[in-house]
Amino acid sequence: MQRRQSSKHSKRPLQVHHSNQTDLSAWRKGETVDTGKSAQSHRSLSDQKNDNEQDSLEQALSYFEKIQDRVSLKKSEVLQKHLSTLESIALKRGLPPEGFDVLLDVALSGKLADGVNTRLLKSLIPASAIPESSVVSSVSWFCVSKCSSNIQLLFLRWLITMFDFIDQKEQVHALYGIFFFFLNDEKLCPYICHVLYLLTRKENGESPHLCEMKYHFGMQPHLQALLSLYKLFCPELVSITLPQKMKAYFKNADGPWKAAISAVRQRNQANSTVPQPLLLGTAQPHSRKRKWNTQLIVPASSANAQNLVVGGKMSRVDSFSANRSFPVEQLRTFPQLLQNIHRLEFPSQMGSVLTNPLLLHYMNCSKDESAYLRLYYWMGQTLQEECTWCVVDNNQHEEEFKGFLETAYKAECFLQEGFPSCEEFLYRSLPLWDGVSCRSQILQLISWIPLSTFSEMKSQLCDPLAQLFFTSSLYFKCSVLESLKELLQNWLNWHVVQLDSESDSQLSSLNTTLSGLVSGVAELINFVGRISTAALHLEKSHTFLLHFILDFYETVCDIYLKYKLPLLIMPPAGVFYPALLSMDSVNLNQLCYIMYRYRTNLIAAKENEMSKKKIQQFKFSSQTYQEYNQYIIAMVGCLWTSSAFQKDNHPQGICLDDELLKKTGVEEYKNSFNIVYHPALMCYAVDFLQQAWPDDTTFNFNLIKGKKWNWYLRYLYGQGLEGLKLFIESSINRVSKASQSKEDKKV
Amino acid sequence: MAGGAGRGGAGADGTGVQMAGGRPAGSAIEMEGAMRTLPSSGRPSGTGRLSRGPLFGRNYGLSPGSRLLPPRCQEDADPQKTAFLLRKQWTLYSVSPLYKFSSADLKDYARMLGVFIAAEKQKGLAVDVDGELGVRVAMSGLPELRGSEQDPAAVLVQLSLRSSLSPKNSEEKLIWSGWFCCVAGDDLLENLPENFTCLPLFLVNGAESYTAIVGSWFQKTFDCCFRRLAISPLNLTWMAAMWTGCKVDKNTAAMELLFSVPHLPQPLDISYAIHPEDVKALWDTVQKTPGEITQEEVDVFMECLYSHFHRHFKIHLSATKLVKVSTGIASAHCDGIIKFLQSQYLIGVLMLLTELAISQIQ
């Protein structure tokens, strides 16, 4: 009983606290709650604080709104309190738009003492914008001169400083004549000039005001400024000559507010997690400090823009070329590119092509070496400078750097060609890479390393990558294999394209590059074979990993036929056997497909060799054939002839002594890896049995033989094991092929 | 054996050591009778000579195994012309090759840069308030600053301010200067196609805001890329050794090495000052081939200095980071700040800096 009560007690403040978050006014009224005891989170504390401030600001505003007669600051504690509240909040957070109406009215109506008015005006810091209406009504107070001239002056300075914060300016512009009238006031004149300077538009220059200006004409800088503006708009109306030199026309008006505005703006920007809409033209688009010398996204601008400015003799030449060359800024569509491609020039900064697909097209068909060199230098420097793990304290820019790497990768895909600067960057930075930051971007870039430099690649890329590979997660291993597969494919594609374009030229030059190519590709494949073997050990032949490895070999097994490169490399035993004995049918099916393709490629190569149409510089070594045969014997022995552990002559194979196998106590171990008993296929066998003998629950796998074996096979093919089908049909010599097809017809 | 034991002892009193940071500044420890014996350090093991020449076509940030001693400037060159470069702090940048830069058009470039600066300064200003816009730009060639005829002439950029208070007064105040140069930049020059000008080293004295504007303009106009050029501790030891070996006419200031101790809650700097004659004597015992310095010699030289320091203070300087080297020739900070002190070695120092800049942009 007691217990229940105490739990009730302890829960209570929590409940109240919970309601605080949803209904703050409830909390304010509920003074019974002991705030000291209830555990308050940081968030709700700051909420409360904000809320308190909001509350007292509202109170202060309503106080000023209702104020009727002159109140002495010294005597009225209420005024003191509200004024200081207002000041502190305004300086810290700025005032909401609705506050300006009230406070400007009070300050300019002369109800209060000048000291108070000054303080009010000085605290008129906008949090966001100032409503135009409040400015208009304050100008009417200004005109009736109820306040002192000092306050009028301060108001003008405030208006000049806050000009950009006024949300709309049409009505303020309508007051142009009124401001002009105040030019007569000697004291106000400099600031009035400044206000007019800000307000003047072309039509104002043509107005009759100008005639009046002549009366006021003097050499004061503020008037000069205004006149120069009029002269700019209507040169025919201003006949006097003004000094050409730029001078300080206006006094600084922003003194009391400048610091506060920037403080408020900073604070508001820092507090919001979402980017704030920029209300002001003057607001800086980048909130954080950026190094001047690195701009990751460069806008495209014409190179000849500069030339036009240069000297007299050049500009004449350029007036021709200006007709001739097409400015890249105007390049928007592909048809435009086609029409103007003959008169297009690369932009002044080559870095801008990366984000511009049309210019990348242009780059693709341009033979300009210097364009590539410019891009090489720019990218090389930028990558090094911005690299988040090579440069200290660069971490906060990781997102931006990721974006840049992504851009570079996309451009590489577009051009179907790796940038040398990216390659060098990888070589430089991979030894320092942690394998985490910008992971997918880095791995993507790896796939575009050009082929020509495997020797460099080995020490600069393979070694650091292998270290990370062995010590990182399964998924990292898979992604590395994926990008190495893409690297291999890119190399092979490049070779095929080369082959097509060089087919006409002499063969000898091709052959010298071919040997380098073959050895480079071979080294990559062997490297992947080595790390795959080790990775399968480390990850206990994980299915997922095996899938990525076999994916790689799907490309390898077809190199000869698909990419016309005289090279075939078998997977190492460390890959082959885990796949053969895999628990997953996907892996086994994939292996079957790969072995089928190896067979097709090897047979094609053999035929080519036999025909001896031309002297074969590259011959597959007999070792490759031998290795293939060993694998095939093992595979057929396991899957088909039920002679697992018997017919395997591969040195690292699964040939086991009969005596030893008997000791395991497994009966019929010989057929334990055939297509019925194979752990990857047994689920199919079970399913097949259930369909063929629905009543039999003993799961007698021995029933699958003879004619049923063929049915089972067809069932397997029907389950999407396409690789298995291709393998069995190609590699297994069915004795009763004819009879089988007869049977098929019957069925 | 370095064999410097006896000789180094001769100038015993010239070694002063200062430790600063975390403590009041007055904690300098004056050494008495220091350098009694110089360490007879064996050859540092395991630091095989790095081979010059590219490693697989390119060496990624490795320094060469040997360098030539900075040549002394010929007497026919007028030291007055480059005197204004001395005794100022220059911040170093590397610059990738300039595209379509022509030294014949410097006047036009100056005009364009002037317009650009005015536009940049006016950005976000409705009205020119302080009259600060009157920045005048001058660009000129500095043909004296090159190693060979192959090198392009250095380019000097100067910004000066016309005072708004006295427009009639023609006196202008120099507010910023920077110069591009290339001294013996053969490595890069050889492979560079025409249209590109290689001025890989950029030195700046003045406000960062102007550096930013000038740099941006060059980047936009000549499609080049600027990067701060930091000097690695290894290269600082090279400088220490190279500059020690230089002959100077007048008696110069002490060599001072500044070390900072890493991974401390409070920064601790160790300043190690050695009398120039003592350090020269040590260097003479280390150096074997005249006119050439090898990495091994530099290592031995530093090793000697370190073990001498360890003998007295039980501090392994090799575990700290060398931050600054100052000698009578020049002083260099690892942040990439340099001060030239001797005009006859200006070219020599620039040669090394050019090499560092080139290795950064390649």
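1. Buried here means under 20% relative accessible area. By that cut-off, 12 of the 15 residues of α4(B) are buried, so the helix is largely enclosed by the rest of the structure. Note that this is a predicted model.

2. The length of α4(B) checks out. The helix covers residues 208-222 of chain B. At 1.5 Å a residue, its 15 residues should span 21 Å, and the end C-alpha atoms lie 20 Å apart, which agrees. Asp223(B) follows the helix, with a positive phi near 45 degrees.

3. Elsewhere in chain B, look at Asp186(B). This residue is in helix α3(B), residues 186-190. Its relative accessibility is 28%, so Asp186(B) counts as partly exposed. Leaving aside residues up to four places away in sequence, Asp186(B) touches Ser148(B), Gln150(B) and Asp151(B). Ser148(B) is 38 residues away along the chain, yet the C-alpha atoms of Asp186(B) and Ser148(B) are separated by 9.2 Å.

4. Now chain A overall. Chain A has 36 helices and 0 strands. Of its 747 residues, 47% are buried. Take the contacts between residues at least 6 apart in sequence: 71% of them join residues at least 24 apart. The accessible surface of chain A is about 38,500 Å², and carbon and sulfur atoms account for 54% of that area.

5. Two packed helices are described by the angle between their axes and the distance between the axes. For α5(A), residues 97-109, and α8(A), residues 149-162, the axes come within 10 Å and cross at roughly 150 degrees. The cut-off for roughly antiparallel is over 145 degrees, so α5(A) is roughly antiparallel to α8(A).

6. Which residues of α5(A) and α8(A) meet? From α5(A) come Phe100(A), Leu104(A), Ala107(A) and Leu108(A). From α8(A) come Ile151(A), Phe155(A) and Trp158(A). By class, this contact has 7 nonpolar residues, no polar and no charged ones. As background, an α-helix has 3.6 residues a turn, so residues three or four places apart point the same way.

7. Most residues other than glycine have a negative phi. Gln416(A) has a positive phi, near 55 degrees. Gln416(A) sits in the loop between α21 (398-415) and α22 (420-429) of chain A. With a relative accessible area of 51%, Gln416(A) is exposed.

8. Ser541(A) is the other residue to check. Its phi is also positive, near 50 degrees. The loop that holds Ser541(A) runs between α26 (507-538) and α27 (543-556) of chain A. Is Ser541(A) buried, partly exposed or exposed? At a relative accessible area of 34%, Ser541(A) is partly exposed.

9. Finally, Ser532(A). This serine lies in helix α26 of chain A. Its relative accessibility is 0%, so Ser532(A) counts as buried. Not counting residues up to four places away in sequence, Ser532(A) touches Leu481(A), Ile549(A) and Val575(A).

Key: Residues numbered from 1 in each chain as written. Chains lettered and ligands numbered in written order. Predicted model: local features only at pLDDT ≥ 70, side-chain atom pairs only at ≥ 80, totals over all residues. Heavy atoms only, no water. Helix = DSSP H or I, 4+ residues; strand = E, 2+ residues; numbered from the N terminus. Buried < 20%, exposed > 50% of the residue type's maximum accessible area, 1.4 Å probe, protein only. Contact = heavy atoms within 4.5 Å. Areas by Shrake-Rupley, 256 points an atom, 1.4 Å probe, with all protein chains shown as cover. Expected span 1.5 Å × (residues − 1). Axes fitted to C-alpha atoms, helices over the stretch in contact; angles between N-to-C directions. Parallel < 35°, antiparallel > 145°, perpendicular 65-115°, else oblique. Nonpolar A, V, L, I, M, F, W, Y, C, P; charged D, E, K, R; others polar.
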